[in-house]
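Trainee: I would like to learn how to read a packed pair of helices. Could you walk me through an example?

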Amino acid sequence: MTDQKTAPWWRGASVYQIYVRSFCDSNGDGQGDLPGVLSKLDYLADLGIDAIWLSPIHPSPNRDWGYDVADYEAVHPDYGTMTDFEALLAAAHARGIRVILDEVLAHTSDEHGWFRDSLTGGDRADWYVWADLKPDGTAPNNWLSAFGGPAWAYQPLRRKAYHHKFLRQQPKLNWRNPDARAAALNVLDHWLGKGVDGFRLDVANAYLHDAALTDNPVETATAGWRWSAAANFQKHWNDSNLVENIEALADVRRTVDRHADRFVFGEFSEEAERSGGFAAPDVGLHAGYSFPLLHARKLGPDFIRRHFELLAAHPDHWPCVSFCNHDVPRTASRFGDASPALARLLLALLLALKGTVLIYQGEELGLPEADLTRDQLRDPVGDLYWPAHRGRDGCRTPMPWGPGVNLGFSSGTPWLPAAPEHAGLTAAAQAVDGGSTLNFTRALLKARKASPALRLGEIDFLDLPAPLLGFDRVLDGERVRCVFNMSGGTVAGEAAGEALAQTGDIGGGLFGPHAARISLL
């Protein structure tokens with residue numbers, strides 16, 4: 001059981017993810033920037049979050065919009081300067097808000113100096129994963145890129161191919177080379193020395209590869225998701241997701257633990273059980289998240305219960321929980337009609353769950369997914385798979401701050417168009433509406449912060465019939481009952497009445513559409 005007096009700050013914290021390019025533009029160039037983030041710190045403090053997670057802030061050619069890093073120790077000029085970052089860090093800390101950076105250490109940009117040196121056979125020749133082509137000129141093995149096609153790119157300068165799990169412009173860093181691994185860990189030390197409070201690690205399941213370059217086995221499952229991308233036709237057990245990946249995670253955690261009171265969590269996009277994603281905080285990273293909650297699309301109690309049944313097999317692991325981020329469609333659209341009632345139901349559910357909560361920018365406003373045309377897309381995934389998959393830009397459109405053609409984001413032309421669907425949901429309009437989703441979220445975050453059971457307690461599920469979902473959060477004698485109608489219809493019956501009788505909020509066994517009750521027992 002967690003001791004609330006000694007628990008680290010990140011257990012049960014609420015972390016707000018900022019996709020910097022789309023958050024707030026301070027200078028009218030259409031790009032969100034660090035001074036823009038600083039200008040919204042009072043908004044974030046009023047919201048009640050504990051920390052902000054910034055999408056990658058480093059220089060990048062933007063083939064994958066910052067997730068292809070060209071220099072780990074600098075700031076992208078679109079976002080400002082190092083002085084701007086230091087000012088943001090100081091101002092956030094002055095408000096009691098911690099700052100977490102997004103670091104991409106499994107691969108770099110092909111424009112990074114490390115790769116340029118590797119390409120010419122210099123001192124860093126083995127810092128990336130290189131292999132000979134087969135005699136007929138085809139790829140060294142069957143590994144497939146997550147973004148489509150073989151996960152190898154031929155380079156005539158070395159007469160070899162290099163491995164890339166994503167775009168060909170994102171060569172895989174060789175964590176089996178001790179110098180390359182040390183350099184990656186030094187990136188963390190560099191920013192920890194500047195005072196950042198921790199890191200979100202991109203594709204933390206993918207640090208290690210099979211040294212023998214063994215083929216990946218065939219995926220035999222026939223679920224519909226298999227057809228969504230070519231990479232799903234194989235199990236990614238050798239290009240990534242190795243069991244020994246956990247020792248790389250432990251190296252990361254030990255690096256971070258040398259600095260007091262910091263936090264490191266990872267994204268485990270595949271095979272979290274296999275790759276160390278559910279490890280205990282003293283074995284792997286402090287925490288992590290996998291994709292079942294992010295990929296779920298069918299509203300009902302099952303997706304929550306199944307995920308926590310999975311987590312129950314790893315009782316020492318501390319999870320992060322999230323329904324949305326920069327890679328998936330916005331929550332209220334993914335689960336249904338994107339109505340304010342549905343958005344609030346899912347916000348209440350998220351903030352009642354056990355774990356460190358990750359809230360994507362705009363979720364507090366109940367934003368729906370933006371409907372973009374193909375010519376408006378900037379995401380390489382959308383360009384590749386259109387029209388079956390429109391890519392990730394629909395959740396990356398500019399944050400709607402207020403009225404105007406760009407909804408208060410920029411006086412110039414935004415890098416992605418402001419979404420017309422967001423015009424009635426701006427932060428300015430919701431701030432003065434006592435019944436808005438924004439003020440609903442503020443109240444939820446305040447209640448979570450005030451309740452040790454909601455932040456740190458165990459989760460005990462109630463035996464309720466669908467579409468009801470119920471659980472208690474319990475810690476040191478405090479018990480908070482959480483009951484949700486995971487449907488758009490009214491639930492009537494004895495089970496609803498019994499579950500809710502103790503809350504004092506409802507009688508007669510009736511529970512309205514998308515209703516939620518969170519009450520201290």
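Predicted model: local features only at pLDDT ≥ 70, side-chain atom pairs only at ≥ 80, totals over all residues.

Trainee: Happy to. What are the counts of helices and strands in the chain?

Mentor: The chain has 16 helices and 17 strands. Its radius of gyration is 23 Å, close to the 24 Å from the globule rule for 521 residues, so the chain is as compact as a globular protein of that length. The C-alpha trace spans about 75 × 50 × 50 Å along its principal axes.

Trainee: What share of the residues counts as buried?

Mentor: That share is 60% of the 521 residues. As for contacts with a separation of 6 or more, 67% of them come from residues 24 or more positions apart.

Trainee: Now the helices. How do I describe two that pack together?

Mentor: In general, you give the angle between their axes and the distance between the axes. Here, take helix 11 (residues 340–352) and helix 14 (residues 437–450): their axes come within 10 Å and cross at roughly 15°. Angles under 35 degrees count as roughly parallel, and helix 11 and helix 14 are therefore roughly parallel to each other.

Trainee: What is the handedness of the crossing of helix 11 and helix 14?

Mentor: Helix 11 passes helix 14 in a right-handed crossing. On the helix 11 side, the contact is made by P340, R344, L347, A348, L350, L351 and A352, and helix 14 contributes T437, F440, T441, L444, L445 and R448.

Trainee: How many of those contact residues are nonpolar, polar and charged?

Mentor: Nine are nonpolar, two are polar and two are charged.

Notes
Residues numbered from 1 in each chain as written. Heavy atoms only, no water. Axes fitted to C-alpha atoms, helices over the stretch in contact; angles between N-to-C directions. Helix = DSSP H or I, 4+ residues; strand = E, 2+ residues; numbered from the N terminus. Parallel < 35°, antiparallel > 145°, perpendicular 65-115°, else oblique. Left-handed = near helix turned anticlockwise from the far one by under 90°. Contact = heavy atoms within 4.5 Å. Nonpolar A, V, L, I, M, F, W, Y, C, P; charged D, E, K, R; others polar. Rg over C-alpha atoms; globule rule 2.2 N^0.38 Å. Buried < 20%, exposed > 50% of the residue type's maximum accessible area, 1.4 Å probe, protein only.
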